[in-house]
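Subject: Handover of a structure for your review

Dear colleague,

Please find below the structure that I am handing over to you. A summary of the findings follows it.

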Amino acid sequence: FASDVSEFDTLKEFKADLRKKLKAQFNEMVDTQRENKVLDKVIEETKFDVPNRMIEDEVENELRNFQYRLQAQGLNYDDYKKYTGKTDDEIKDTFKEPAEKRVKLGLILEKYAKDNNLTHKYYKPTEKSDEACMNAIDLAVKGGAKVIATPGFLFEYPIMEAQTKYPDVSFILVDAEPKDKDGNVQIEDNVMSIMYAEEQAGYLAGYAAVTEGYKNLGFMGGIAVPAVIRYGYGFIQGADAAAKDMGLKAGDIKMKYTYVGNFDASPENNAKAAAWYNEGTECIFACGGGVGNSVMKAAETADKVVIGVDVDQSVESETVITSAMKNLGDSIYGALEDYYNDSFQGGKTVTLDASQDGVKLPMETSKFKVFTQEKYDELYAQLKDGTIKVGNDQTAEDATGVPTEVVKVELIK
């Protein structure tokens, strides 16, 4: 059968290839969903109704694109449904929320562009590689872009190249700095790097988790890049601070800590999270893109909880009790505003912390039972004025080196 329907000689090889392709397709779908959350704040604060027909049309369009992508990988849509056990409606449901946000965002940007005599377009790299990211930048410049916003460490080297290749174009690099292949940072006057004090957001999340009564914690990061490390180290410090304030003894709070080495939603990451929950972990801070979706699925099965990252992930699963957030929407909007007001902060890296409202917890959607708004405001004020100081990714060589008095960290490799 395998040799009849594919280039493989055995059914085992055919299944392995099918599983690999399905995993890649699912990760792409998850990435698409997460990308739409970057401008959630702008969308949520713009109140208007969108006709259902527009949303339904966008869902159908996304479903067709999904089917075409399956075919391009040699997969049949009906086989996909059989393999995953999903119905048409269940698959469409995964597209509905991001489809609605795309429609809303499109309407918002169209109006903003029209009001300000501007144009805009989204260029998505075809894959996660330097070449693909650079090709997307090239296309944007050829399309007439004068300012380009790019997210994350995948754009470090492409922006390093683009900043000199296109000196008349301004670049906003979020969560990263232009670096060469040896890791050397060089920022030209046409580049503004926006970084965040993720350690402060992690601190707030850790403090809240222990206040809520969780004593067996977990941190599951994606790749050990500086931003992820800062989240993790802050989480440890916040948990330890809360434990000390509660009068707990050394070792009363335990934390499993790991980097899984990817940012994927995968069976492997789901299995790891499930194992942690089965071993007694009550709350996992999932810090790694699609890794969070794997942890949420495990939490739903185990009836445990998750802390989200970067954006408010409460809409993604009932298991999310809060999210350690960066104020992405406001910071990008502010950078664009500076550009159009001729005050672009090029040639430097700007780190946004609590003093600039750059990080936060979404208290309005958090599912806290003990941790109060009053306590949150108190901690935030102390982060703002420097009373509370949180170590960043330079604090220790690994998580076990982060200074604690109560929290015992177990590094899982």
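**Confidence and overall make-up**

The average pLDDT of the protein is 85, and 81% of the residues score at least 70; pLDDT is the predictor's confidence in each residue, from 0 to 100. Over residues 1-6 the pLDDT is below 50, and this stretch has ten contacts in the model beyond near neighbours in sequence, a contact being heavy atoms within 4.5 Å. Residues 32-39 also have a pLDDT below 50, with 25 contacts beyond near neighbours in sequence. Where pLDDT is low, the predicted coordinates should not be read in detail.

This is a predicted model, in which local features need pLDDT of at least 70 and side-chain atom pairs count only at pLDDT 80 or more, while totals for chains, interfaces and linings use all residues. Residues are numbered from 1 along each chain as its sequence is written, and side-chain values use heavy atoms, with hydrogens and water left out.

The secondary structure comes to 14 helices and eleven strands; helices (H or I, at least four residues) and strands (E, at least two) are DSSP runs, numbered from the N terminus. Of the 413 residues, 48% count as buried, that is, under 20% relative accessible area, with exposed meaning over 50% and partly exposed in between (1.4 Å probe, protein chains only). Among contacts with a separation of 6 or more, 66% are between residues 24 or more positions apart.

Helix 12 (residues 291-302) has twelve residues and reaches 17 Å from its first C-alpha to its last, close to the 16 Å expected; the expected span is 1.5 Å times one less than the number of residues. Its buried residues include Val 291, Val 295, Met 296 and Ala 299. Asp 303, which follows helix 12, has a positive phi near 60°.

For helix 13 (residues 328-340), the 13 residues should span 18 Å at 1.5 Å a residue, and the 19 Å between the end C-alpha atoms agrees with this. The buried residues of helix 13 are Leu 328, Gly 329, Ser 331, Ile 332 and Ala 335. These buried residues pack against strand 2 (170-174), strand 3 (191-196), strand 7 (305-310), strand 8 (320-326) and strand 9 (348-352). Helix 13 is followed by Asp 342, with a positive phi near 60°.

**Aromatic rings**

The structure holds 13 aromatic pairs. Rings of Phe, Tyr and Trp (its six-membered ring) pair if their centres lie within 6.5 Å; planes under 30 degrees apart count as stacked, over 60 as edge-to-face and the rest as tilted. Phe 219 and Tyr 257 form a stacked pair, at 4.6 Å centre to centre with 25° between the planes. This pair links distant parts of the chain, with Phe 219 in strand 4 (residues 216-221) and Tyr 257 in strand 5 (residues 253-259), 38 residues apart. Both Phe 219 and Tyr 257 are buried. Phe 368 and Phe 371 form an edge-to-face pair, at 5.2 Å centre to centre with 80° between the planes, and both of these residues are buried.

One aromatic cluster is made up of Phe 219, Tyr 231, Phe 235, Tyr 257, Tyr 259 and Phe 285. Elsewhere, Lys 181 lies over the face of Tyr 157, at 4.0 Å from the ring centre; a charge sits over a ring if NZ of Lys or CZ of Arg is within 6 Å of the ring centre and within 35 degrees of the ring normal.

**Buried loop residues**

Ser 366 lies in the loop between strand 10 (359-360) and helix 14 (373-385). Ser 366 counts as buried because its relative accessibility is 14%. The side chains of Ser 366 and Thr 322 are joined by a polar contact of 2.7 Å; such a contact is a pair of N or O atoms within 3.5 Å, and within protein one must be able to donate a hydrogen and the other to accept it, with residues adjacent in sequence counting only if both atoms are side-chain atoms.

Asp 393 is found in the loop between helix 14 and strand 11, and is buried, with a relative accessible area of 16%. The side chain of Asp 393 makes polar contacts with the side chains of Arg 230, at 3.3 Å, and Gln 394, at 3.1 Å.

Val 402 is in the loop between helix 14 and strand 11 (407-411) and is buried, with a relative accessible area of 3%. The C-alpha atoms of Val 402 and Gly 234 are separated by 9.2 Å, although these residues are 168 residues apart along the chain.

Yours sincerely
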